[in-house]
Amino acid sequence: MIDIIKREAIYLWYYFDIQIRQILPYWALGIVIGSVISVFAKEKINKAVAALGSTKLGVLGIIPASLLGIASPLCMYGTIPICASLAKMKLREDWIAAFMMSSILLNPQLLIYSAALGTYACTLRFVFCTFGGIFAGLMIYLFFDKKPFFNFTGFEKSSNRDTDPNMFLRLLKNIWRNIKVTGPYFLIGIILTALYQRYIPQHAFASLFGEKNHGFGILLAATIGVPVYVCGGGTIPLLAQWLQSGMTMGAGVSFMITGPSTKITNLSALKTVLGIKHFVMYICFVVVYSILSGFITDYLL
């Protein structure tokens, strides 16, 4: 019995070590770049979004708004107060929706993490998350042009925690905060991936998410993104292994969209600013968009 336990421990350490070697550099780089943007560029990004109000882009403003949402390093609870201040400045709601949606789906840190999935997967994530923001803004423009969609009552601009006068110390503190927040989830993701590699037959996984089961695999991936996704960094090791085990890229794309957009912390914040009716619309939009993105990836790309 002891020999069996030792053998299994050796196997698990082997898989754990492989995952650490493959994923850790991307996680570390994502932490550093995300902190650099947060410390040195966050306010500039917010001002750039606000500056859109002085332009005459019309509905086309949803495109730069979506791109700026992806560039923003803020989490959902940091993004909502910014959007509340933008609403007070009378910024168009379709632009706010584009900024908020793309910010939910992706940020610079998560984009760097996603490079561990390969160039193709990382590029698809960027493209579909950008268009997710654009389409969200377009929906607001088409169906809520004359009536409000958001309710930011009670939300004020959050205090900035990056206040140390020494810029180097400010950066180090931000990096440490990111490590404390994402590190435990990253480690859990590595451990779960090692367990998956050891105990889940690859052919069984491929039969659910592989090329022979396109449509069902996409629907299933969009569904499991809801309960499984807790932290972007924590799901990257699992997703990388799933793709290697036969998951189609379309199923992976669906998971990458429903995951962050239905993360429980994001949903609780969004329900407050949307209200129940618009919140249900948001969920429907996310599900439909994630499934369509998966089918477009597998059948057209």
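Mentor: We shall begin with the surface, and with one term. A nonpolar patch is built from residues with over 30% relative accessible area and no salt bridge, whose nonpolar side chains are joined within 5 Å. Please keep in mind that this is a predicted model.

Trainee: Which residues form a nonpolar patch on the surface here?

Mentor: The patch consists of Leu57, Leu60, Ile63, Leu67, Phe126, Val127, Phe131 and Phe135, and together these have about 640 Å² of accessible area. Two elements give two or more residues each: α3 (62-71) and α7 (119-143). The largest share, 4 residues, comes from α7. Val127 is found in helix α7, and its relative accessibility of 32% makes it partly exposed.

Trainee: Which residues of α3 are buried?

Mentor: They are Ile62, Ala65, Ser66, Leu68, Gly69 and Ile70. These buried residues pack against α2 (42-51), α5 (93-105), α6 (108-114) and α7. Consider Ser66, which lies in helix α3. Its relative accessible area is 0%, so Ser66 is buried. Leaving aside neighbours within four places in sequence, Ser66 is in contact with Ala98, Phe99, Ser102, Cys129, Thr130, Gly133 and Ile134.

Trainee: How does one read a pair of aromatic rings?

Mentor: One looks at the distance between the ring centres and at the angle between the planes; planes under 30 degrees apart count as stacked, and those over 60 as edge-to-face. This structure holds 10 aromatic pairs. In one of them, the rings of Phe135 and Tyr289 have centres 5.8 Å apart and planes at 70°, so the pair is edge-to-face. The pair links distant parts of the chain, since Phe135 is in helix α7 and Tyr289 in helix α13 (residues 264-299), 154 residues apart.

Trainee: Are Phe135 and Tyr289 buried or partly exposed?

Mentor: Phe135 is partly exposed, with a relative accessible area of 33%, whereas Tyr289 is buried at 8%. Tyr289 also forms a stacked pair with Phe285, at 5.9 Å centre to centre and 5° between the planes.

Trainee: What separates Phe285 and Tyr289 in helix α13?

Mentor: The general idea concerns the helix. An α-helix has 3.6 residues a turn, so residues three or four places apart point the same way. Phe285 and Tyr289 are 4 residues apart in helix α13, and are therefore separated by about one helical turn. Phe131, Phe135, Phe285 and Tyr289 form one aromatic cluster.

Trainee: How should I read the interior?

Mentor: One looks for buried nonpolar residues joined through side-chain atoms within 4.5 Å. The largest nonpolar core has 78 residues, and those with the most contacts inside it are Met100 and Phe152. The largest share of this core, 10 residues, comes from α13. Apart from neighbours within four places in sequence, Phe152 is in contact with Ile80, Cys83, Ala84, Ala87, Ile96, Met100 and Val273.

Trainee: How many salt bridges does the count come to?

Mentor: A salt bridge requires a side-chain nitrogen of Lys or Arg within 4 Å of a carboxyl oxygen of Asp or Glu. By this rule the count is 2. In one, the side chains of Asp17 and Arg21 meet at 2.8 Å, N to O. Both residues lie in helix α1 (residues 2-40), 4 residues apart, about one turn of the helix. Asp17 is partly exposed at 24% relative accessibility, and Arg21 is exposed at 63%.

Trainee: Which side chains meet in a salt bridge with Arg92?

Mentor: The side chain of Asp94 does, at 2.8 Å, N to O. Arg92 is partly exposed, with a relative accessible area of 29%, while Asp94 is buried, with 4%.

Definitions and conventions. Residues are numbered from 1 along each chain as its sequence is written. This is a predicted model: local features need pLDDT of at least 70, side-chain atom pairs count only at pLDDT 80 or more; totals for chains, interfaces and linings use all residues. Side-chain values use heavy atoms; hydrogens and water are left out. Patches are made of residues with over 30% relative accessible area and no salt bridge: like charges are joined within 9 Å, nonpolar side chains (Val, Leu, Ile, Met, Phe, Trp, Tyr) within 5 Å. Accessible areas come from the Shrake-Rupley method with a 1.4 Å probe; for residues, only the protein chains shown count as cover. Buried means under 20% relative accessible area, exposed over 50%, partly exposed in between (1.4 Å probe, protein chains only). Rings of Phe, Tyr and Trp (its six-membered ring) pair if their centres lie within 6.5 Å; planes under 30 degrees apart count as stacked, over 60 as edge-to-face and the rest as tilted. Contact means heavy atoms within 4.5 Å.
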